[in-house]
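Please keep the sequence and the 3D view at hand while reading.

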Amino acid sequence: MAMDHTVKVILGSIAFATFWLLAVFPAIPFLPVGRTAGSLLGAMLMVVFRVLTPDQAYAAIDLPILGLLFGTMVVSVYLERADMFKYLGKVLSWRSKGAKDLICRVCLISAISSAFFTNDTSCVVLTEFVLKIARQHNLPPRPFLLALASSANIGSSATPIGNPQNLVIAVQSKIPFGEFVVGILPAMLVGVVVNALIILILYWKLLSVQKDEEDPSSEIVADEVVLSHRFSPARLSHTQIPSLNSPEWESRLDSMNANVETQRSVSSKENEIHRSHSALTESARISDASSQKREEGFSSKSLNSMDKQKESVSLQSSEEKEHWSTKWRRIAWKCCVYLVTIGMLVALLMGLNMSWTAVTAALALVVLDFKDAQPCLEKVSYSLLVFFCGMFMTVDGFNKTGLPSAFWDFMEPHAQIDRVSGIVVLALVILYLSNLASNVPTVLLLGARVAASAAAISPTEEKRAWLLLAWISTVAGNLSLLGSAANLIVCEQARRTPQLSYNLSFWNHLKFGVPSTLIVTAIGLVLIK
């Protein structure tokens with residue numbers, strides 16, 4: 001492509017520089033508008049400066065890539081609702097054998113989850129788990145956060161859906177999903193192991209500090225307090241009343257006074273006996289009546305308590321049935337989510353259209369959920385989709401200035417992949433540009449040119465060139481804290497996590513990132529054929 005006139009080159013370069021500045025430094029003091037607005041600003045400047053026409057700008061948007069990205073994000077949202085990442089977090093601490101074992105687990109789980117659910121998603125979900133595990137074992141968070149971010153980048157290189165640049169490469173190269181995985185998987189597995197070893201070597205002393213033994217968590221169970229009332233009704237003892245035998249007065253008293261006195265004394269005694277007998281009889285009758293009433297009251301109370309107990313038992317049984325039915329529905333829904341995800345992966349391995357496969361799986365999960373999908377769809381990162389739209393336009397406009405072609409024309413003779421020196425030069429160029437301009441723009445700028453140069457050698461070399469581009473541009477994200485969005489996500493998540501806050505600095509990351517990136521990149525250059 002011939003270079004356009006000078007004014008167009010300068011204006012296009014200004015638009016691209018604006019996009020690059022806001023993509024790398026989204027909170028720059030004089031224009032803190034963020035990456036998404038920066039990509040749209042770059043695209044708008046390309047059209048305003050007449051580097052692109054409006055129709056050319058719209059045509060630059062790659063809809064299959066956006067569809068694949070949208071579908072994988074929706075599937076990741078439903079997997080998170082189905083507790084997939086919660087289970088992965090539990091695996092991290094299950095029967096742990098120390099700090100070094102935890103480092104290896106973090107590397108492995110981060111790499112596997114990133115290969116299928118994108119590196120950014122894995123880092124968003126797993127960062128807090130890693131911080132909690134480090135705090136529980138009284139270990140420094142830094143090596144664990146580095147293991148999470150770096151392994152997520154390396155693991156995401158193994159599949160076309162692992163990261164955005166792989167999505168671009170898979171769509172542009174038309175390499176089937178299965179061939180893509182087979183081509184990069186060996187390098188990814190070895191790279192994860194070597195990356196873990198580098199972390200263990202650099203932080204061996206820090207991880208060898210004897211941690212304080214944690215007391216086993218004891219469950220405090222409240223003793224049941226049983227209050228039992230024994231009711232013992234009082235029993236009244238009935239006194240026996242002696243029979244009264246009235247004496248017979250047979251003889252007549254001669255003396256009238258003696259008869260009257262005797263009669264008065266006897267009548268007074270009879271009256272006293274009669275009063276005593278009637279009082280005792282009445283009290284016994286009242287006692288029997290009150291006892292009968294009490295027995296009737298207690299029987300009615302016992303019947304009421306039995307009715308209440310029956311109602312409570314029936315209510316409890318209905319609640320238990322409802323609980324178990326809800327639990328089984330939840331388990332069945334989780335199984336459906338996992339089956340749909342497995343079906344999506346199988347369809348991708350079979351070589352079906354990646355974009356429509358991901359969108360179909362996403363819509364299948366929406367239908368199976370049988371609820372309003374708005375809460376789940378709101379979790380999709382639409383700002384990322386808009387960022388890609390603006391980036392497609394900006395990069396296409398920069399390509400039309402001719403500067404990327406001129407740069408590649410200068411580098412092509414020294415970057416032929418049929419020579420060892422050429423592969424090394426190509427790797428260094430991609431590493432540099434991926435950290436300078438970010439990995440996705442680098443792939444968009446150089447992908448087609450690198451593949452065309454390799455296709456001139458042989459079709460096999462063309463496929464290898466695409467796979468090498470995917471590997472190098474992805475692993476390049478580990479070089480510095482600004483090299484990958486996953487690194488920034490881990491850094492920000494760690495800094496903002498309540499009560500577990502940790503600041504991962506640029507220099508602490510760079511000390512690990514430089515040796516790890518160079519060594520792991522070299523492994524891929526040897527193993528990817």
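T118 sits in the loop that joins α6 (99–117) to α7 (119–136). In this predicted model, T118 has a positive phi of about 70° although it is not a glycine. Most residues other than glycine have a negative phi. T118 counts as buried because its relative accessibility is 14%, under the 20% limit.

**Overall make-up**

- The protein chain contains 21 helices and 0 strands.
- Of the 529 residues in the protein chain, 44% are buried.
- Among the contacts in the protein chain with a separation of 6 or more, 77% join residues 24 or more positions apart.

**Loop residues**

- K174 likewise lies in a loop, between α9 and α10.
- The phi of K174 is positive, near 60°, and K174 is a residue other than glycine.
- K174 counts as exposed because its relative accessibility is 67%, over the 50% limit.
- D83 is located in the loop between α4 (63–81) and α5 (84–93).
- D83 has a relative accessible area of 17%, so it is buried.
- Apart from neighbours within four places in sequence, D83 is in contact with R330, K334 and Y338.

**Helix α9**

- Helix α9 spans residues 164–173 and is mostly covered, with 8 of its 10 residues buried.
- The buried residues of α9 are P164, Q165, N166, L167, V168, I169, A170 and S173.
- The N-terminal end of α9 is capped by N163, which has a side-chain oxygen 3.4 Å from the backbone nitrogen of Q165.
- K174, with its positive phi near 60°, follows α9.

**Nonpolar core**

- The largest nonpolar core has 138 residues, and those touching the most other members are Y78, F144, F388 and W471.
- Helix α10 (residues 177–202) supplies the largest share of this core, 12 residues.
- Leaving out residues up to four places away in sequence, F144 touches A99, L102, I103, V106, V130, A134, L139 and L207.

**Largest pocket**

- The largest pocket holds about 1,400 Å³ of space.
- The lining of this pocket comprises 45 residues, of which R35, D120, L384, A485 and I489 are the closest to its centre.
- With 7 residues, helix α20 (residues 485–496) gives the most to the lining of the largest pocket.
- By class, the residues lining the largest pocket are 23 nonpolar, 16 polar and 6 charged.

**Cavities**

- Rolling a probe the size of a water molecule over the atoms shows where empty space is left.
- The whole structure has 2 cavities of 30 Å³ or more.
- The largest cavity has a volume of about 60 Å³.
- T118 is one of the residues lining the largest cavity, and others include T72, F116, F117, T341 and M344.
- Two or more residues of this lining come from each of α4, α6 and α12 (256–349).
- Helix α4 gives the largest share of the lining of the largest cavity, 4 residues.
- That lining has 6 nonpolar, 4 polar and no charged residues.
- The second largest cavity contains about 30 Å³ of space.
- W408, A415, Q416, I417, V450, S453, A454 and I457 line the second largest cavity.
- Helix α18 (residues 439–455) gives the most to the lining of the second largest cavity, with 3 residues.
- The lining of the second largest cavity has 6 nonpolar, 2 polar and no charged residues.

Methods:
Residues numbered from 1 in each chain as written. Predicted model: local features only at pLDDT ≥ 70, side-chain atom pairs only at ≥ 80, totals over all residues. Heavy atoms only, no water. 1 Å grid on protein atoms, 1.4 Å probe; cavity = no way out; pocket = protein on both sides within 12 Å on 5 of 7 lines; lining within 4 Å. Points joined across faces, edges and corners; volume = space filled by probe spheres on them. Nonpolar A, V, L, I, M, F, W, Y, C, P; charged D, E, K, R; others polar. Core = buried A, V, L, I, M, F, W, Y, C linked by side-chain atoms within 4.5 Å. Buried < 20%, exposed > 50% of the residue type's maximum accessible area, 1.4 Å probe, protein only. Contact = heavy atoms within 4.5 Å. Polar contact = N/O pair within 3.5 Å; in protein donor to acceptor, adjacent residues only side chain to side chain.
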